[in-house]
Amino acid sequence: MSLENLLASARSWITDDPDAATRAELEAVVARAEGGDDVAAADLADRFAAFLEFGTAGLRGALGAGPNRMNRVVVLRAAAGLTRYLQDSLARRDVTVVIGFDARHNSDVFAADTAAVVTAAGGRALILPRPLPTPVLAFAIRHLGADAGVMVTASHNPPQDNGYKVYLGDGSQIVPPSDVEIAAAIDTFPTAASVARAEDGWETLTDELAADYVAACGASVGAPAAELLIVHTALHGVGSATLLEAFEAAGYARPRPVASQEQPDPEFPTVAFPNPEEPGAIDAALDLARETSPDLVIASDPDADRCAVAVPDPKAATDADPQGWRMLRGDEVGALLGHRALGLITTGAATGADGGPGVVANSIVSSRLLGAMARAAGVPHEETLTGFKWIARVRDIAYGYEEALGYCTAPAVARDKDGISAALAVAELAAGLKADGRTLVDLLDDLAREHGVHASDSFSIRVSDLALMPALMGRLREQPATQIDNVVAAFHDLAKGDGGLPPTDGLRYLLADGTRVIVRPSGTEPKVKVYLEAIVHVDGDDLAGARTQAAERLAATRAAMEALTAL
């Protein structure tokens, strides 16, 4: 688009934008671009490169003016499109939408705009009473009998981002073709001016809703078999108060919060990146753990739908860290919670979400250990595409997880990943082990001895130009590798539906030694992700030897894949 056309588009946007702050922001960019500022012209080109894409993650992007940013114009159009989609698909005007929001910049504004649009269109809008975790919104949809839910959050993205996550009436995130149909409905509202907004008429829910969620979480676990000491960090998100209340409701001692990260703060001042998976994110919690010697460290991501766990491990002890604190990988926590779930299913203490005997599930990029455990226990297991929009839809799910710290341990509470009920499930498991003089690390060792060491790793190829992502995937497809440290025994192009799953952009390599490699573009960030897993069965009781062998396989496979995916 020429600079002249960009400036014309920007002026039209300014006229349509109801937000004084983003109008002023764009006016300043326009003025600099008109004055010959090349940086401003490039900024303008990026803001108007396209409309922020509405997909199966809803919307997510940087805050700011323009169609390729998160702002009130984009949100108003999205709310109008969602409402029209619901009214058309349900063949009635009086649709009910429940709306939640976190503490990020403008989350409350976007939530109020959504309520105003739903109300003006003849629907019923219910807004959560305050910034609350995403699992509370997922719970509220079914609890209140709503037709859909909207959560305004960017989860663990950087401070400058926000997002718009959409759920349908079953409490699950949208999947195709709903996302495409909603996007088409959004396109029928080209401007903010084309969207009707009510001045009032929506309902703000009371704290009774949050209390109902807390009670449901508390009832999802048994009483503690032993007293636990836990350190918790909310990473400046909205999870602290709700998690502490849920522990109390379940009869567990309240975790000790990391004070510097306990209160919501949209700037996330003490972390470089508010994702517990990122190096350094839970350092403050680990520092407190070294001072207080708890049994566990639990970290919530900013909207508390994910749960990270750190444990003391004597094998990891050093002079600087005599307790050996280490963060468990998502697959390790997934296996631990899977062990708990399989025990509940096989004893009849848990059933499936749809009334059947219970199924366990994980995403395709997660470890194969849960599948091995389920086969040994005689419990059905399913593998799904990446994301809880797929995992949560498994019929009769009793437990599901993905390696990115997402766990559904109580589908009757939230049919989505839920970091609060998951934290309680981890505590219940740890307390039972502690009562027997054992730890979560001991249980992980037992699972490895029984089912083999399942060692996993991952890395990402970040790109500055989004066009590099399909180019990389295309190159890997056109020249399929026959050797990745080991002979490639099978190659699956997941875009063709190879491997028995619905088509998705991804590649899977199965090596002759059982190692698995999956390559896929991220759906929420500008990067291509590579997932690795090596399996080594334990010879006798030589667990250390099997782990060393698995680590060596992983390292060699990673080095080969880093070379293969280099840009």
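The views below show a predicted model.

View A. Asp418 caps the N-terminal end of the helix, placing a side-chain oxygen 2.9 Å from the backbone nitrogen of Ile420. Just after H14, Gly437 adopts a positive phi of about 75°. H14 is mostly covered, with 13 of its 17 residues buried.

**View B. The second largest pocket, with a volume of about 470 Å³.** Its lining comprises 23 residues, and those nearest the pocket centre are Arg326, Glu332, Val453, His454 and Arg547. At least two lining residues come from each of helix H11 (330–346), helix H15 (440–451), strand S16 (453–462) and helix H17 (543–564). H15 gives the most, with five residues. By class, the lining of this pocket contains 11 nonpolar, four polar and eight charged residues.

**View C. The largest cavity, with a volume of about 60 Å³.** A search of the whole structure returns one cavity of 30 Å³ or more. Asp102, Ala103 and Arg104 contribute to the lining of the largest cavity, as do His236, Gly237 and Val238. Six of the lining residues of the largest cavity are nonpolar, two are polar and three are charged.

How values were computed
Residues are numbered from 1 along each chain as its sequence is written. This is a predicted model: local features need pLDDT of at least 70, side-chain atom pairs count only at pLDDT 80 or more; totals for chains, interfaces and linings use all residues. Side-chain values use heavy atoms; hydrogens and water are left out. Buried means under 20% relative accessible area, exposed over 50%, partly exposed in between (1.4 Å probe, protein chains only). Helices (H or I, at least four residues) and strands (E, at least two) are DSSP runs, numbered from the N terminus. A polar contact is a pair of N or O atoms within 3.5 Å; within protein, one must be able to donate a hydrogen and the other to accept it, and residues adjacent in sequence count only if both atoms are side-chain atoms. On a 1 Å grid over the protein atoms alone, a cavity is a set of points where a 1.4 Å probe fits but cannot get out, and a pocket is an open set with protein on both sides within 12 Å along at least five of seven lines; lining residues have an atom within 4 Å of a point. Grid points are joined across faces, edges and corners, and a volume is the space filled by probe spheres set on the points. Ala, Val, Leu, Ile, Met, Phe, Trp, Tyr, Cys and Pro count as nonpolar, Asp, Glu, Lys and Arg as charged, and the others, Gly among them, as polar.
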